[in-house]
Amino acid sequence: MAQTVRPGDAADAGLERSRNLLIALLFFGTIINYVDRQVLSLLKPTISAEYGWGDAEFAHFASASQLAAAAALLFVGWLIDRFGVRIAYGAAVVVWSVAGMAHAVAGTVTQFVTARVVLVAAEAVNTPAAVKAAAQFLPLKRRTMAAGIVNTAPNLGNIIAPLTVVPFAVAFGWKAAFLVTGALGFIWLAFWIFGTQRLIPVPRAAPATGTGGYRAALADRKTWAIAGAKAITDMFWWFFTFWLPDLFHKVFDLSQSQLVGPTALAFSLAALGALTAGKLFGVLLGGGRSVNAARKLGMLLYALIILPIPLALTADSAWTAAAIIGMALFAHQGFSTNIFGFAADAVPAQRVATVMAIGAIAGNVAGFGIQEATGRLLTGGYGYAPLFWVAAFAYLIALAWIHLLVPRIFAEDETTA
């Protein structure tokens, strides 16, 4: 006897497929985002040799990027909330892909900085758009897992980049590497246009509260909790994303090809951290803990994992150092995923992108500071040690900041399936 498929069942199945496709598109978009970011730092030895640029120039590339992202983020939240995730994110991918390809025709520091500024400014849309999409189109129980999946993408991008970009550049030249990685965005765009047409916003358990925009966001203590935590922790993510290949080159005397393995190991462990955050939150929440307890206990566990990171600089091999740094990046991604989940759960949906943009601005301004500090420390002969010691305790400080401003986290739609 044939089984009858009810229209409602077909609609539910179609909605579930649309949600899964959304997560996949955000995942692959973020991978492309981070592959494009990594090309310059991975090819630093080659480009430095060709143009005679040193640590100071590359520190300026990194710090200019952070300021560009911070400036762009002043408008990113408004643009996403105003035009929607589909239009804003798709347009951003086009701009950053073109800017990535423009590196291939840049021959001076000014031209490189210009291309880099445009690329990073457009890439700033990525995280606020992903969090907005999760808050708008995914139910509560799926948001943190989705955030964990998407948050693995930066690490996979950082793994894929050294494994592919360096050999490709060796075979075809560094300019070809920029052209090919930039072109990936246009392939993704076709899937994004057709894959997000049937998404339906998730109904909230209660009517939306408050208003959108910066004024409402800045009046909310949750915004300042997220912004402070992002500033304290993101600066170290930007530090490792840009300087880790150079660290292996300088501290352990690895060549450009030799640093690929340790770099990939460190970011592989980081990818696992993002995945465990989604699972851990679900386990803690399912065990009867409140949203508040589940979020903060998870953050505490990840903050404790980061404490041994200064041992990496005394390791006897680059692989041991990569494992120690990798566990710290594992914990960073777990901590960061919980910040995203906190925003998606507790911030009213109509201003999630604005709040995440404010948080990202804080992170990028702090990133600017740490990039310039890194350049000064390296040229002054102090090395990487001061940065590692500050990183060890930063995440405990960030958790204390969140708890001070938001003693209890409440999800806006805890009863929504």
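Predicted model: local features only at pLDDT ≥ 70, side-chain atom pairs only at ≥ 80, totals over all residues.
How many residues apart do Lys230 and Asp234 lie in helix H10? They are four residues apart, about one turn of the helix.

An α-helix has 3.6 residues a turn, so residues three or four places apart point the same way. Are the two partners buried or exposed? Lys230 has 4% relative accessibility, so it counts as buried. Asp234 has a relative accessible area of 7%, so it is buried too.

H10 holds another such pair. Lys250 and Asp246 are also four residues apart in this helix, so about one helical turn separates them. Their side chains form a salt bridge at 2.8 Å, N to O. Here the two ends differ in cover. Asp246 is buried, at 6% relative accessibility. Lys250 is partly exposed, at 37%.

Now turn to a pair that reaches further. Side chains of opposite charge can pair when their charged atoms come close. Asp220 forms a salt bridge with Arg351, and the closest N and O atoms are 3.3 Å apart. The pair links distant parts of the chain, 131 residues apart. Asp220 sits in the loop between helix H9 (213-218) and helix H10 (221-252). Arg351 sits in the loop between helix H13 (318-346) and H14. Asp220 is buried, with a relative accessible area of 11%. Arg351 is buried as well, at 8% relative accessibility. In all, the count comes to four salt bridges. Among them, those that share partners join Asp220, Lys222 and Arg351 into one network.

Next comes helix H14 itself, residues 352-379. How far apart are its end C-alpha atoms? They are 40 Å apart. At 1.5 Å a residue, its 28 residues should span 40 Å, so the two values agree. The helix is mostly covered, with 22 of its 28 residues buried. Just after H14, Gly381 takes a positive phi of about 85°.

Lys132 lies in helix H6 (residues 126-137). Lys132 has 9% relative accessibility, so it counts as buried. Which residues does Lys132 contact, leaving aside its neighbours within four places in sequence? They are Ile80, Asp81, Val85, Ala349, Gln350, Val352 and Ala353.

The largest nonpolar core has 100 residues. Those with the most contacts inside it are Leu43, Ile47, Phe248, Phe335 and Phe388. Which helix gives the most to this core? H10 does, with 16 residues.

A second, separate core has 35 residues. Ala92, Ala124, Val150 and Leu189 are included in this second core.

Conventions: Residues numbered from 1 in each chain as written. Heavy atoms only, no water. Helix = DSSP H or I, 4+ residues; strand = E, 2+ residues; numbered from the N terminus. Buried < 20%, exposed > 50% of the residue type's maximum accessible area, 1.4 Å probe, protein only. Contact = heavy atoms within 4.5 Å. Expected span 1.5 Å × (residues − 1). Core = buried A, V, L, I, M, F, W, Y, C linked by side-chain atoms within 4.5 Å.
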